[in-house]
Amino acid sequence: MDVTITINGEPVTRDVEPRLLLVHFIRETPGLTGTHWGCDTSNCGACVVLMDGKPLKSCTTLAVMCEGHEITTVEALEVDGELDPVQQGFHEKHALQCGFCTPGMLMTSRALLDENPDPSDLEIRTAISGQICRCTGYQNIVAAVRWAADHEASTKQEAGA
Amino acid sequence: MQTPAPFEYERATSVEGAIASLERLGSDARIIAGGHSLLPMMKLRLANPEHLIDINDLHELSYIRDEGEEIAIGALTRHVELLDSALLAEWFPVFREAEQVIADPVVRNRGTMGGSLCQADAAEDLSAVAAAVKAKVVIRSTSGARTISMGEFHVGPYMTAVGEGELVTEVRIPKRPGGGSAHEKVERRAGDFAIAAVSAAVWIDGGTIADAGIGLSAVGPITIELTRAEELLRGRRPSEELFAQAGAIASEDCSPSADGRGPADYKRHLAGALTKRALRRATARALHQEA
Ligand SMILES: Cc1cc2nc3c(=O)[nH]c(=O)nc-3n(C[C@H](O)[C@H](O)[C@H](O)COP(=O)(O)OP(=O)(O)OC[C@H]3O[C@@H](n4cnc5c(N)ncnc54)[C@H](O)[C@@H]3O)c2cc1C
Ligand code: FES
Ligand code: FES
């Protein structure tokens, strides 16, 4: 059946089997392979994208269920060569090693800061608690999200001053 | 790569339409709500429905309402909404406590009240919560609506009283004075299903327990309503000794099996300890003695 999903602002139409999972739709059709596909069992969070601004495990959602919804993937974070503050934070704080978990971590972190610009460390840990990183041990990821929050606060302050 | 077996998909645009499709398609059809229990089962080919009816557009099934005598929760209400509800936190703090430890925030954005109950997985937390607060489930079909208790709702492992052509639309919880409630769960790691979990609610009138509800998760083939302990508690003054007796009943009346989450005797021990703790905290809340 034909399905149209808006991915990073662009409508993408494809004739799919209803059983196609969102993660594969995203990776195959627009070819956005930034969204990773890990455990396949909704446990690791490598596949997290945003649906209407909220984090979603795309391995546990059918593509056909997303018709009429806005999907945002990691590719949308960088705009005109400028990294999103969460991406900058991961860079500054060395929050990745192999990078496999990173797209999912970035999307959850972005959604967290959009909802709560000044989260506590516990709130950051809770937000990413459905996601597994086998490399960095989480400390640096929490520090990176903290960095992004501080960075955004100071940018806002400068803009207001 | 895990892929479900092929199926036909349709999106319901009204409750009536969903029920009509269920009736037309019979046992070949399944509702999909959050999909966070059903899709994993379909990927493992443990469930192979031929038709899926997606109810995610039925916003009329998504609400938490004060209806005077009762609180009504729509079947499509998501975990995150149960977690954030001030109304539920005021009347039944057990919801917020359970929701803080159900899966993880990303899963909680999708999983629903109705899906959790209909999955009828003994390891699932909301069924124990619903049993403890004496919730009733509203089931609709073309011939109207029927309302049943949690005891009638769960008929076996992964089996409910929801028949062909029927849709769960709502959960209703009676508001009674003097109540307090709490959820206790032990899990292997953040976001995991329980090794054991206990929901408890008590209603206190004039210093004695007028009524109590206790639901146990993950320590038997289905969610256990601990009726023998509820009977023991009714009409008694709350005390540590009484809670310990209720805990002993929990250890006796549960029937856990050994698995990757732990041996049976450990789970039995947990059922007792968590029952005691949940009752202690529910009672403190009912008496406004919470620290
Ligand atoms: C990684 C992970 C961890 C989890 N951890 C926990 C946990 O710790 N505790 C816990 O309690 N749960 C846990 N869950 C389960 C989660 O809470 C699910 O969201 C929930 O059990 C099912 O809700 P759903 O809306 O996704 O249901 P679905 O998967 O959509 O449906 C489940 C079943 O209910 C039926 N159904 C759904 N809605 C209706 C309706 N209105 N009427 C009739 N039938 C209906 C479906 O046909 C299906 O058979 C976890 C899930 C995942 C993926
Ligand atoms: S691939 Fe989706 S949660 Fe692991
Ligand atoms: S950086 Fe390797 S899994 Fe997180």
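This is a predicted model: local features need pLDDT of at least 70, side-chain atom pairs count only at pLDDT 80 or more; totals for chains, interfaces and linings use all residues.

Residues are numbered from 1 along each chain as its sequence is written, chains are lettered from A and ligands numbered from 1 in the order in which they are written, and side-chain values use heavy atoms, with hydrogens and water left out.

**Entry 1: a loop in chain B**

I started with B:D192, which sits in the loop between β11 (179-187) and β12 (194-205) of chain B. Is B:D192 buried or exposed? B:D192 counts as buried because its relative accessibility is 5%, and buried means under 20% relative accessible area (1.4 Å probe, protein chains only). Its side chain makes a polar contact with the side chain of B:R188, at 2.7 Å. A polar contact is a pair of N or O atoms within 3.5 Å; within protein, one must be able to donate a hydrogen and the other to accept it, and residues adjacent in sequence count only if both atoms are side-chain atoms. Leaving out residues up to four places away in sequence, I found B:D192 touching B:V101, B:K185, B:E187 and B:R261 (contact means heavy atoms within 4.5 Å).

**Entry 2: ligand 1**

Next I checked who surrounds ligand 1. Residues from chains A and B do, so the site is shared between chains. There are 33 residues around ligand 1, counted when a heavy atom lies within 4 Å. Which helix or strand gives the most to the shell? That is α7(B), with five residues.

Then I looked at backbone atoms. A backbone N or O atom of B:L38 lies 2.7 Å from an oxygen atom of ligand 1, and a polar backbone atom of B:A33 is 2.8 Å from an oxygen atom of the ligand. For B:V168, a backbone N or O atom lies 2.9 Å from a nitrogen atom of ligand 1. Taken alone, ligand 1 exposes 970 Å², and the protein buries 96% of that (areas by the Shrake-Rupley method with a 1.4 Å probe).

**Entry 3: helix α2 of chain A**

Last stop: α2 (residues 85-92) of chain A, where A:P85, A:V86, A:Q87, A:G89 and A:F90 are buried. These buried residues pack against α3 (102-115) and α5 (139-160) of chain A. At the N-terminal end, A:D84 caps α2(A), with a side-chain oxygen 2.9 Å from the backbone nitrogen of A:V86.

Key:
Helices (H or I, at least four residues) and strands (E, at least two) are DSSP runs, numbered from the N terminus. Buried means under 20% relative accessible area, exposed over 50%, partly exposed in between (1.4 Å probe, protein chains only).
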